[in-house]
Amino acid sequence: MAESTVNVRYMVDDVETAIAFYTKHFGFMLRSSAAPAFADIVRGPLRILLSGPKSSAGRPMPDGRQPGPGGWNRIHFVVEDIEADVAHLREAGVRFRSEIVTGPGGRQIVLDDPSGNPIELFQPASR
């Protein structure tokens, strides 16, 4: 995937319904699907990662908060070495919402920006 691709994760209630909505109404193309857990759709340089309740991104946080639509949409940065990046950020005092989790597409972790907005680091699975 090109560096100019923008990745956005949306928590959705139903992955297949979301795929149908975005492809029908907004011209997105289905890139991959692991429904009911996850799918990704693309339109030009925009890639939306549709994550349902059964996805690794839908798992509860250590403090019990449950990701859901609306409040958990986040910037999604693709990284090559998630463990090294997490170690560097922890040393810098960055606050993480979770530990690294593994799902069908790779490994991810959620951290907060200074205002509490979530940011996700994601390392794709080897193919």
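Modeller: Let me start with the word "pair": two strands pair if DSSP finds at least two bridges between them. Strands (E, at least two residues) and helices (H or I, at least four) are themselves DSSP runs, numbered from the N terminus.

Biologist: And what kind of model are we looking at?

Modeller: A predicted one, in which local features need pLDDT of at least 70 and side-chain atom pairs count only at pLDDT 80 or more, while totals for chains, interfaces and linings use all residues. Residues are numbered from 1 along each chain as its sequence is written, and side-chain values use heavy atoms, with hydrogens and water left out.

Biologist: Good to know. What makes E3 and E4 a pair?

Modeller: DSSP finds six bridges between E3 and E4, in the antiparallel sense, and at least two are asked for, so they pair. One example is valine 42, whose bridge partner in E4 is arginine 47. The two strands form a hairpin with two residues between them, where glycine 44 takes a positive phi near 60°.

Biologist: Which way do E2 and E3 run, and how many bridges join them?

Modeller: E2 (residues 29-34) and E3 run antiparallel, joined by five bridges. Serine 32 has aspartate 40 as its bridge partner in E3. Three residues link E2 to E3 in a hairpin. Proline 36 sits in that loop, and the peptide bond from alanine 35 to proline 36 is cis, with omega near 15°.

Biologist: Are E1 and E4 parallel or antiparallel?

Modeller: E1 and E4 run parallel, with six bridges between them. Here asparagine 7 has arginine 47 as its bridge partner in E4.

Biologist: What makes the approach of the side chains of asparagine 7 and arginine 47 a polar contact?

Modeller: The term needs a pair of N or O atoms within 3.5 Å; within protein, one must be able to donate a hydrogen and the other to accept it, and residues adjacent in sequence count only if both atoms are side-chain atoms. The side chains of asparagine 7 and arginine 47 come to 3.1 Å, so the contact qualifies.

Biologist: How do you know that E4 is largely enclosed?

Modeller: Five of the six residues of E4 are buried, and therefore the strand is largely enclosed by the rest of the structure.

Biologist: Now to arginine 74. Why does arginine 74 count as buried?

Modeller: Its relative accessibility is 5%, so arginine 74 falls in the buried class. The residue is in strand E5 (residues 74-78), and its side chain makes a polar contact of 2.8 Å with the side chain of glutamate 120. Contact in general means heavy atoms within 4.5 Å. Leaving aside neighbours within four places in sequence, arginine 74 has contacts including Val8, Ala57, Gln108 and Pro118.

Biologist: What makes a group of residues a nonpolar core, and which residues form the largest one?

Modeller: A nonpolar core is a set of buried Ala, Val, Leu, Ile, Met, Phe, Trp, Tyr and Cys residues joined through side-chain atoms within 4.5 Å. The largest has ten residues: Val12, Val15, Ala18, Ile19, Tyr22, Phe28, Ala39, Ile41, Ile48 and Leu50. Helix H1 (15-26), strand E3 (38-43) and strand E4 (46-51) each give two or more residues, with H1 giving the most, four. There is also a second, separate core of eight residues, among them Val79, Ile82, Ile109 and Leu111.

Biologist: Stepping back, what is the overall pattern of the chain?

Modeller: Along the sequence the pattern is β-α-β-β-β-β-α-β-β-β, with two helices and eight strands.

Biologist: And why is the chain called as compact as a globular protein of its length?

Modeller: The radius of gyration is taken over C-alpha atoms, and the globule rule is 2.2 Å times the number of residues to the power 0.38. The chain's radius is 14 Å, close to the 14 Å that the rule gives for 127 residues, so the description holds. Of the 127 residues, 39% count as buried.

Key. Buried < 20%, exposed > 50% of the residue type's maximum accessible area, 1.4 Å probe, protein only.
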